[in-house]
Amino acid sequence: MKFFIYCFREFDEKEYFDEFAKKYNVEYDYSPEYPSYENAILAEGYDAVSFTPCHIGKVMIDRFKSLGVRYFSTRSIGFDHIELEYAKSVGIGVSNVSYPPDTVADYSVMLMMMCCKKMGHILKRSEVQDYTLMGKIGKNLKDCVVGIVGTGHIGRAVIKRLVGFGCKILAYDPYENDEIKNVAEYVDFDTLLKCSDIITLHTPGSDENHHLLNADAFEKMKKGVIIINTARGRLIDTDALIVNLENGKVESAALDVLEDETGLYYANRMGDCIVNRQMAVLRSFPNVILTPHTAFYSREVVSNMAEKTIKCVLDMENGIENANIIIKPEA
């Protein structure tokens with residue numbers, strides 16, 4: 001079995017891919033670039049290609065199919081960047097990865113605390129040696145009602161951490177978890193919007209969830225709400241968020257993900273004129289924290305992602321059941 005790995009990072013991924021390629025007796029080669037029509041030729045003769053989130057539509061699917069590729073393995077939990085139905089129609093198997101929720105959960109709570117304490121604003125002013133107190137007063141997390149949208153593995157891990165702070169926790173998920181009912185109150189989505197001081201997103205970026213937080217949703221929220229997103233950029237209508245930051249409805253936002261981040265995050269764009277006006281506006285606000293899709297990033301997770309990239313494809317090849325197989329290849 002031969003893998004071609006796109007978006008490859010030698011500085012952290014290579015040691016793990018070397019380890020697991022040897023463990024599972026597979027071959028691999030790589031490119032640091034995102035897959036494109038032109039560099040797809042690098043995958044000719046390979047059974048599987050792997051990539052981080054980037055748009056894989058019909059053109060790219062046909063291109064890889066014509067080169068003999070039979071499997072896609074995305075090194076991410078989300079897989080909304082792949083046109084799954086078309087991949088299925090041409091017989092390409094697709095898998096994703098999963099990893100322990102702790103890293104993202106810790107990061108999410110950190111962002112909540114930073115917003116509550118206005119840490120982004122404090123740090124920016126400290127850089128120019130403004131050590132005055134005006135405009136820096138914060139609030140305690142324990143005094144907030146926190147709304148958790150999505151109670152999967154990560155959402156549940158966030159809730160367990162918040163219990164220790166003593167705050168009231170509301171949760172929304174079409175599929176309620178009995179364990180969570182002991183520490184959080186399940187409510188409908190509108191109630192969560194109306195009653196939460198902090199809203200944090202932990203749900204997939206599906207078509208159904210596209211712009212889950214839109215203009216109508218912001219209208220229902222409390223004045224002074226804090227928005228946290230470590231899930232997917234497409235969950236928030238960025239233009240609507242900007243309007244509500246400008247009018248004061250949203251007190252602050254901390255976003256580890258952003259709409260249209262493909263080709264931006266994980267790249268060194270120093271000195272470039274970045275064509276992303278929404279990002280430019282958000283960066284100009286003192287009450288917004290932007291981090292470049294790093295909530296997942298720990299040694300444990302990188303190791304886990306490398307192993308599952310290989311293991312899931314081998315399981316597809318051998319007809320072994322695996323929870324991370326999204327589309328089984330044609331027989």
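The lining of the second largest pocket splits by class into 6 nonpolar, 6 polar and 6 charged residues (nonpolar being Ala, Val, Leu, Ile, Met, Phe, Trp, Tyr, Cys and Pro; charged being Asp, Glu, Lys and Arg; polar the others, Gly among them). The model is a predicted one, with local features needing pLDDT of at least 70 and side-chain atom pairs counting only at pLDDT 80 or more, while totals for chains, interfaces and linings use all residues. Residues are numbered from 1 along each chain as its sequence is written, and side-chain values use heavy atoms, with hydrogens and water left out.

As for the largest pocket, its space comes to about 1300 Å³ (a pocket is an open set of points on a 1 Å grid over the protein atoms alone, where a 1.4 Å probe fits, with protein on both sides within 12 Å along at least five of seven lines; lining residues have an atom within 4 Å of a point; a volume is the space filled by probe spheres set on the points, which are joined across faces, edges and corners). Its lining takes in 50 residues, with Ile77, Gly78, Thr203, Pro204 and Gly205 nearest the centre. These 50 lining residues sort into 24 nonpolar, 18 polar and 8 charged.

Turning to helices (DSSP runs of H or I, at least four residues, numbered from the N terminus), Thr238, Asp239, Leu241, Ile242 and Leu245 of H9 touch Gln278, Val281 and Leu282 of H10 (contact means heavy atoms within 4.5 Å). That contact is made up of 5 nonpolar, 2 polar and 1 charged residues.

Terms used:
Helices (H or I, at least four residues) and strands (E, at least two) are DSSP runs, numbered from the N terminus.
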